Every structure is written in C-alpha cells, then in structure tokens.
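Thanks for asking me to look this one over. Here are my notes, in the form of numbered points you can follow with the structure open.

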Amino acid sequence: MKKYIAKRFLSMVLTGFLVITATYFIMHLVPGGPLGDAVLEMPEDVQANYMAKYGLDKPVTTQYYLYMKNLLVNFDFGESIVYPGRSINGILEAGIPVSAQIGVQGLLFGIPIGLGFGILAANFRGKWVDYVIMFISLSAISIPSFVFASLLQYFLAFEMQMFPISGWGTFACTVLPSLAYGIRSIGVKARYMRTSWLDVMNQDYVMAAEAIGMSKWALQIKVILRNAISPIVTILVPELALIFTGTFVLETIYSIPGIGSYFVNSVTSRDYPMIMGQTIFISICYIFAMFMVDILYMVIDPRVRLNKKGA
Amino acid sequence: MLKFPVRSKFDFIYKIELLRERNKMNKKRLTAVLLAFALTLGGCGGDSSTTTSTPTSTSQSQVVNQDGGVDGSAGNYDDSGEVIPDAEQYMNYCLTSDPKVLDTTQTNTTTDLVVVANTVISLTRLQMFEGALTAMPYGAKSWDKSDDGMKYTFYLEEDAVWTDGVPVTAQQYVDAFQRILSPDVASPSATIINPIKNAEAVRLGEVDPSELGAKAIDDYTLEIELEYFVAYFMDLTYNPVFSPVRLDVIEQYGSSYGVEAENIIGCGAFTLDEWVHDSHLTLVKNPTYFQADDVLLEQINFKIIKDTNTIMAELYSGNVDRSSVSSVEWREKLIAADLHNYGDYVLGGTYMMILNTEYETNGVKIFSNEKIRQAISSAIDREQAVDFVANGLGIPAQGLIPSTISLDGSNYRELSGYVPMASHEAQDAKELFIEGLNELGVDPDPSKYSINFLVRSTSAADKDIAEYYYEVFKSTIGIKIDIQQVESAVGRDLTMAGDFGMTTVTYYSSTNDPNSLLSPWISSATGNYNHGWTSEAYDTAVATANSSADSSVRLENFMEAERLVVEEAALLIPIYHPMSSMMTAKYLYGFQSEASSFAPALFSTVFTSGR
C-alpha cells in the first residue's frame, strides 16, 4: 500500500511538472504580448525598455530556466506585468481565501441539498417527487450560474433589499454569491446520487439485507449509503479542489475580490507570470485532489485496496 | 486566425428593429431582468468596441441636453438661497477595475489617475474660467512665459507640503520628469513630456538626465525649457505627470511603491487611507493640504465594481453617487426614478475606421485608391451607426476633431465651420467605388472583392457590430467583408505589422487641442497602425500648426491637415463622437464636469447637501 501511494505521488509530481512546462511554452507561442492598451502609444524604445524590465527580451528557454529556478528555489511566482510591483504570491494569498469562502459556503449549501434530493428522488422513483426533483436538477445544471446570480441580485438585493447588491466584508455580502455558486452543485449531486442510489438499491445484497429483516432506516444508512457514496467521491473531491480557483462571472457580478477574474484576464492581457501562477496553483489543487480520490477510494472501498495491492 | 461565419441579413434587420422597439417600448420588469442577463453576458467579454488610445480622458465634456443643472438640486438652502452643506460629508464613487499603480510616473490609465490625481497636486488644474476651460494655478501659483514661448517659469505654492511634513519643492517636479524618462520605470506617459528640452534624448540614454530642460532654480521656482515650440504647452501642465514625486519614499518601498495604501505618500486634497485590492479604496481629507479649509468632503469611498449592471443597481439604490450610464434601459429607469441629475456629454474622442492602403485582396491593393477609400466612408450612414454601434450614445462625426476640442480657447469646429464628412455623404458609394476600381484598371465589379475587417475584441457585442458593417457594405457597395475576430493582444500585433484591411478604433484626445488627434498620422509617427499612408503636405500642415503661436495660422493648418487625412485621403473614416450619459445624485454639488474630459476629475470642490 505504501508503494502504491509512493507511486501515485511520483506520478502526481511528474504531471505537475509537465503541466507547468507545457503551459509555459504554449503561453509564449500564442501571438500577442503583455504590452497592454495602457502602453499603446509607447515609442519603440520605450517598449524595448519595458520588455527588458520583465526579461521578455531574452530567449523563451532562458526565461523558462530563470522562472523555474526562482519557483523551485524561492517558491516565488514572480511579479505581475499588468499590475507592476505586485507579487503573484501576494495576489493569490489575498484572493484565494475570498474565493474559497464563497466556494465552501456554496458547497455547504449545495452538497447536502443535492445529495438529499438525489436520495429522495431514488426512493420515490417514478413518482411526482422524482419528476419535480429531476426537473429542478436539470434546470440547475443547464442554466448558467450567472443567470442565477443576476436573478438573485435583482430580486433579493435590488428589489427586496434583503442583501447588499455587491461588495465584500460582511457575511451578508457572501450569501447571494454562495447561493448562486451552490445551486449548480445541487443539480449535479442530485442526479449522480439518484443514479448511484438506484444502482445499489437493485443489488442482491440489499435485497438480502431486507430479507433478513433490517429496518428501512438501517438499510438506507448502513447498506445503501455506504455503497452509493463511493462514485460520488470521484466527483466531489475535484469539486472541492476547484472552490479555490474562484468563479469569474460570480466575482464580477458581486464585486468579490477573489482570484477568478485574474485567471481570465491574465490570459487575455498576456500577463505571463500571472498565467503561470494561476495555472500552477489550479493544477496543483486538481492533481492533489485526484491523488486524494485514489487514497480515499482505498479507505471507502476495500475492493480497490485489495486489487491495487497486486498491481 | 479565427474567422466567424456571418449570420443572415434577417438577423441584422431584426436587431435594428429590436433596438427601435426597445427605445420606444415601456418595458415590464421581466424584460429588464432578461436584459440584465444580456448585459451581464456583454460585460464578460470586455468593453464593447475597440481600443482606447489615450485612456486618460474618458469622462465628459460638452453638454448636449440636460435636465436640471450639473450641480445638485436636492440640497438644503439658507434664507439667502445659499446651499447648506450636510454635516456629514462623503461621496461614494465607483471604479470599474482595481487600480494598477497609484504613482503618477508609472501609469496613464483612467482608473489609476482618478484616484492618484486627488492625492497629489499637478502644476495647474483645468477649470472653467470666463466660459473657457483654462489651466488655473494649483501646484504653481503663477508662471511666466518667455517671448519666444520656449521657456516657462513656474512659481510654486510655498505652503504645499507632503503628508509627512516635507515641503513640496521644484526639484521634486524635476525628479518626476527624470523618473518618467528612466528606462527602469518604462513609463507609459514618457511621450507626454516630449516637448521638454532633451526629453527624448534622455529617454534614449543619449544625454545625462541632468541635461533635461526642466530645472529647479530654487525650492519654489521651476524652469521648463522646450525642445520645440508647442502652442498647447500649458494644456499639458494639468496632466498628472506634471506632479511632484518623493524619490526618497519611492526608494524606500522599491517596486512596491504605489501598490498598497501604506506604500504611498501624497500632498493633495485627500490621502489614501485604505486599499483592499479588487474591493474598495478609501480616500480621506488631508489636513495638511495647503487649501484644506476649502475642502468639504471628508471621505471618498471608491467601490470597485466591474459589472455594468451591478453599477447601475448600486447607482439606483444610492450606494454609488455618480456614474455614466451606457444602457438605454437603465437610463430610462433612472430618469423615471428622478433621483439623479443627468447630462449627456460628448467626449473628446472619435470612433473611426482605419484603412490600410497597402492591403492586398484578389491581387489588388484596393485601398491604394483614394476614391475607393472615400466610397467606404460614404457607404456609412452615421446616424444609423450611432444607434447601432453606440447604442444611441454618440453624435454623428462631422470630421476627425470632435466638437469638444478647442483651439486656443475657442471651439475648433465652430471656428473652422468646416465639415469634412459632408462631401463623402453627398456621394454615391457604389459609383465612387466602381470609379476607383476603373482607375486601378481592375475588374469593376465590387461583388468580386472581399476585404478583411479586423475586430480586435472577442466580445459578442463587437461581433454584432462587425456584422452590421458586413450588411452596410454589402447593401451599399456590394463588397463582402471578411470578419476576423481576434483578442486585443493579437490585434495589436496585426495592426502594427500592417496585416489588416480595415479596423475600427476610438481615439481620445489627451489634450484640449486638435494636435492630439492629428499628430498620430504624420509619417514619422511610430504608431500602432501600419497603414502605409504618408503625405508630405500633411506633415507640413501639422508641423506648421504646432510650431505657430498665431491662432489663425494654427486653425488654417489644422483644417488643411484634417482635410487631407479625412476628406481627401480618407485614411481615417470618422463615424461618431462617443457620448457619456452622466447620472449624478441630486445631493451632490461642485463637480467640474467639463474639465474631466481632459484631466482626471478632482474632488476637492465636491460636497453634498440634502443627502
């Protein structure tokens, strides 16, 4: 088992390295540079000064070497080009907790309701409860979150004045964005949970448990839940990883100082160090989440543990 | 290169209809919500239409129509009719992005300047004086000009101090200029101070920074010698780059100067108290400001709100006191609520098309012919373009220079009485185009030609606009345009390489003088558009206008330059001058609205009454 974990860990590190390297070179291959609109009127010599200031006049391979050295030795993502004087580390440190708060609150709201809906729908399969829940989940999945965000903002904040329209600093500010974030999660979780639950319900061992006289509640909790939850873990853990990365549209609509907008804008403005910082952060989150899924699987499902032992 | 298929004609007609309907219809709430989505979607892709050349000047100027005054009207008045300011004085203002760096030597973006300009004092400030926008004493209490206009001497305000008690001195202004020209700073504003003697040579490292034509004679006397005569030199002095800097403080913080509230020092009417990145900034009144007694506002809350729809909701709810309104729906809603004074202002800029004379299609350098370029201009219905492209917020262009620009204190457009676009509009686009093709000696059938149309933004709104032009050129001339939609960073590379047929851009004037919009097209200009057009006559006209102190000579030559580049050469096809619809809460007084088209808005005169 230790060998298995070590193997997974090594492959995790390798994947991370490949992602960083690939991103670095692809990013430099894309046409356009970080000279933004702000410097449109710069004469060529000023532009040259600007490029030299950020080391962009050197060959890409040299830049890559310098970047990686700085990253691995100092754990320094460098300085933003679009936001001069601000370190990527600083921007990430300030923005990640904000994005994560919305994400965590959103999931705290979305996951229990979603799973509950899924279980309910499975138990009332083919009844109106099932249809209503499935209709709600389908809508929650297919309607983009910014539509919910706009709706919530318009009705609850603007018309009824129950919450601030935008801003950051109080808990009230986080309610609407968290709801908008969580709604989508409800839909996905409900559908997955329903399928998984139904799958387990039809297994022979469930019938056997029912036959030996297990109470309805004990059956649901002890037998079905334990078995139905493992597929959910596969989608749950990566989702947990992505809560740190922020949501561009939600953060824009509610003026939340998270990192979502940097992720999108750094690409269009060719802010190379920012693109790298974001990519590295997100890929580490994601790769680590996948690693955790593997480990968790062993804990939840002994069959995985047994199979992998030989492998 | 992405090329998008163009949708059918019906789509376009439908959109025009929809636009008209929208203007007329009295909408129900649901429509508003749906439109809110549309706006949100539009907002994601960035601001509609093209690139801004000089972002320092995106506020407002000339009043077209107005309901109530620019000033508030909800205030409390005493017996003599004087407005009584509120006991609690604060203003909520909105920024559409997080400032990048609050240092006058490092930035030229509107968002940064509106904050930083209120924390420093520039040499002069722009104000209405006897009916004209004039550079008025600020950091300098008076100044002299030599007879040949080549040397200015500024006598500085002796009471001005920095917040740490250090006096503001002439050397600090010189330090600012030298810092702007330094290769290490790579300031985007470096070219603004080009008229100062040796500025360019210092920037290129050819001479020592001490050779710069700006010198501190003593602590309170600043002498600026010019490299070449510029009639509008005083119009540069209210630009925030003409503000002092503290090199000792900058040295202390290094590259983090100006990026956090703690790492900034100021000497203006307000000081930066708090800066939470991407969320808000707070300016508070500076007690050490030399005119602190005249400042009523105690606090300015800048809220960073990127989404247009959210800004409107906050404006409506009174959480933002003043904002421009670009959506027709919100405008109507706000006017109906009657909580704001509104004014439509023509901005000091021009939305235009640029044609590449070297562009080759079907083996023909199609835009090398004047008549063909003029035909493109006459094909455009400017009134319709205002409705469709600018959402109604613009006035059809008469020429390159907008009606907001003055020449030595008088309105340039009125003074010249010249309408360059008139001759194009009188022509039949198709006939003119075919005439041009005949002159080139090529196939005279317009339908055989397809022309690259570069869209430098990936937003849906700009795609719709491109499709509008597709229909315009197809229905008037019969040519086809190939829409090429790219990210702005890619677009810049393409235009610089001359790899485009036609593209659109909005240029804003950085000074209140026609020169700012005319000089980018002289042959020695290293611009962002490799359009292949040069004209000696044009270069001479612009140079003559700029080197003369005689208003009539300047007028004559600017008119000639405008005629050459717009009417005759049709290199540039002005379409409209953008407008801004400003909504100001009725309790807000003292805005210097007219000035803010050419300089960042200064809030030291603002106060509230009856909030």
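Predicted model: local features only at pLDDT ≥ 70, side-chain atom pairs only at ≥ 80, totals over all residues.

1. Let's start in chain A. A:Phe75 is not a glycine, yet its phi is positive, at about 50 degrees. You will find A:Phe75 in the loop that links α3 (60–74) and α4 (88–123) of chain A. Is A:Phe75 buried or exposed? Its relative accessibility is 55%, so A:Phe75 counts as exposed.

2. B:Asp278 sits in the loop between β11 (270–276) and β12 (280–285) of chain B. With a relative accessibility of 5%, B:Asp278 counts as buried.

3. Next, a sheet in chain B. Four strands form an open sheet in the order β7-β8-β10-β9, and the pairing is antiparallel. Its edges are β7 (140–145) and β9 (214–218) of chain B, each of which pairs on one side only. On average, and ignoring direction, neighbouring strands of this sheet are turned by 25 degrees against each other.

4. Inside that sheet, β8 (residues 151–156) and β10 (residues 221–225) of chain B pair in the antiparallel sense over 5 bridges. If you want one pair to click on, B:Phe154 has B:Leu222 in β10(B) as its bridge partner. As background, strands of a sheet pair through backbone hydrogen bonds, either parallel or antiparallel.

5. A helix belongs in this picture too. Helix α4 of chain B (residues 170–181) lies across β8, β9 and β10 of chain B, and runs at about 165 degrees to β9(B).

6. Last, have a look at β15 of chain B. How many of the 7 residues of strand β15 (residues 340–346) of chain B are buried? The count is 7 of the 7, so the strand is largely enclosed by the rest of the structure. In a regular strand, side chains alternate between the two faces of the sheet. Here both faces are covered: B:His340, B:Tyr342, B:Asp344 and B:Val346 are buried on one side, and B:Asn341, B:Gly343 and B:Tyr345 are buried on the other.

7. As for the partner of this strand, β15(B) pairs with strand β23 (residues 572–585) of chain B in the antiparallel sense, over 7 bridges. Within that pairing, B:Tyr345 stands opposite B:Ser580 of β23(B).

Key
Residues numbered from 1 in each chain as written. Chains lettered and ligands numbered in written order. Heavy atoms only, no water. Helix = DSSP H or I, 4+ residues; strand = E, 2+ residues; numbered from the N terminus. Buried < 20%, exposed > 50% of the residue type's maximum accessible area, 1.4 Å probe, protein only. Pairing = 2+ DSSP bridges. Axes fitted to C-alpha atoms, helices over the stretch in contact; angles between N-to-C directions. Contact = heavy atoms within 4.5 Å.
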